[in-house]
Amino acid sequence: VTIRPTTSGAGGFTLFEPMGDGENALPTLQSLKDRMMVMLGGRAAELIMFGEDGTTPGASQDLSQAQDLAKSIVTRWGLSDVGPLGGNDGPQSPAMADKVEAECLKLIKEAEEAAVALLKEHSDVMDQIAEALLTDETITGEQCLSMCGIVDMPVKALAEGTQPELADPPLVTASVDSESA
């Protein structure tokens, strides 16, 4: 995790393990929603820290990735209330295009709301990470996990689904749950 500016102008970015690798070759709808929530974490932090009027275009790439993922959930994989479109991300009737767009927006808003709620719940951890970044500009994945209360767990092991050993405070977790959002 870094706040060092890059030559491409990115103020920050999130790298994900590729979907479809390892034990979880087929991600669940819940894991896709959780991934979208993580994608929107930077925007959620801005909303909390600066309010709606203080947000920046810094999360534009995150929003674009979340939109692409939401569209795949709805059209490519048929995992939404719109129904099983199964790969139909091509031309659609105006009515269906409106339904797809509304469903994508709903998924993105749910993920953003979940990210905001998670960061508010764990604002002390967010503040600790922010302070470390202001001091050192870069922290490792392990340092970040440690600040979240996860100890003795390499980042790769977490990505592979290994259960972490927890310290106090307990592991920071959240899910995007359509039923409660």
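1. **How α3 meets α4.** The axes of α3 and α4 come within 9 Å of each other and cross at roughly 125°. That angle makes α3 oblique to α4. The crossing of α3 past α4 is right-handed. Keep in mind that this is a predicted model.

2. **Who touches whom in that pair.** On the α3 side, the contact residues are Ala-66, Gln-67, Ala-70, Lys-71, Ile-73, Val-74 and Thr-75. On the α4 side, they are Val-100, Glu-103, Cys-104, Leu-107 and Ile-108. Sorted by class, the contact of α3 with α4 has eight nonpolar, two polar and two charged residues.

3. **The length of α3.** How far apart should the ends of α3 be? The helix covers residues 60-76, which is 17 residues.

4. **The buried face of α3.** Which residues of α3 are buried? They are Asp-62, Ala-66, Leu-69, Ala-70, Ser-72, Ile-73, Val-74 and Thr-75. What do these buried residues pack against? Their partners are α1 (29-39) and α4 (94-121). Look again at the contact with α4: Ala-66, Ala-70, Ile-73, Val-74 and Thr-75 are among the α3 residues there.

5. Gly-78 follows the helix. Its phi is positive, near 60°.

6. **α2 against α4.** Helix α2 spans residues 41-50. Its axis lies 9 Å from that of α4, and the two helices pack at an angle of about 60°. They are therefore oblique to each other. The crossing of α2 and α4 is right-handed. From α2, the contact uses Gly-41, Arg-43, Ala-44, Ala-45, Leu-47 and Ile-48. From α4, it uses Glu-112, Ala-115, Val-116, Leu-119 and Lys-120. The residues of this contact of α2 with α4 divide into seven nonpolar, one polar and three charged.

7. **α1 against α4.** The axes of α1 and α4 come within 8 Å and cross at roughly 65°. This crossing is right-handed. Helix α1 brings Lys-33, Met-36 and Met-37 to the contact. Helix α4 brings Leu-107, Ile-108, Glu-110, Ala-111, Ala-114, Ala-115 and Leu-118. The contact of α1 with α4 has eight nonpolar, no polar and two charged residues.

8. **Residues of α4 to trace.** Find Leu-107 and Ile-108 in the structure. They belong to the contact of α4 with α1. Next, find Ala-115. It takes part in the contact of α4 with α2, and in the contact of α4 with α1.

9. **Leu-105.** This residue sits in helix α4. Is Leu-105 buried or exposed? Its relative accessibility is 52%, so Leu-105 counts as exposed; the cut-off for exposed is over 50%. Leu-105 and Ala-66 are 39 residues apart along the chain, and their C-alpha atoms are separated by 9.8 Å. Ala-66 itself is one of the buried residues of α3.

10. **Glu-137.** Where is Glu-137? It lies in the loop between α5 (123-136) and α6 (141-147). Its phi is positive, about 70°, although Glu-137 is not a glycine. At 35% relative accessibility, Glu-137 counts as partly exposed.

Technical notes:
Residues numbered from 1 in each chain as written. Predicted model: local features only at pLDDT ≥ 70, side-chain atom pairs only at ≥ 80, totals over all residues. Heavy atoms only, no water. Helix = DSSP H or I, 4+ residues; strand = E, 2+ residues; numbered from the N terminus. Expected span 1.5 Å × (residues − 1). Buried < 20%, exposed > 50% of the residue type's maximum accessible area, 1.4 Å probe, protein only. Contact = heavy atoms within 4.5 Å. Axes fitted to C-alpha atoms, helices over the stretch in contact; angles between N-to-C directions. Parallel < 35°, antiparallel > 145°, perpendicular 65-115°, else oblique. Left-handed = near helix turned anticlockwise from the far one by under 90°. Nonpolar A, V, L, I, M, F, W, Y, C, P; charged D, E, K, R; others polar.
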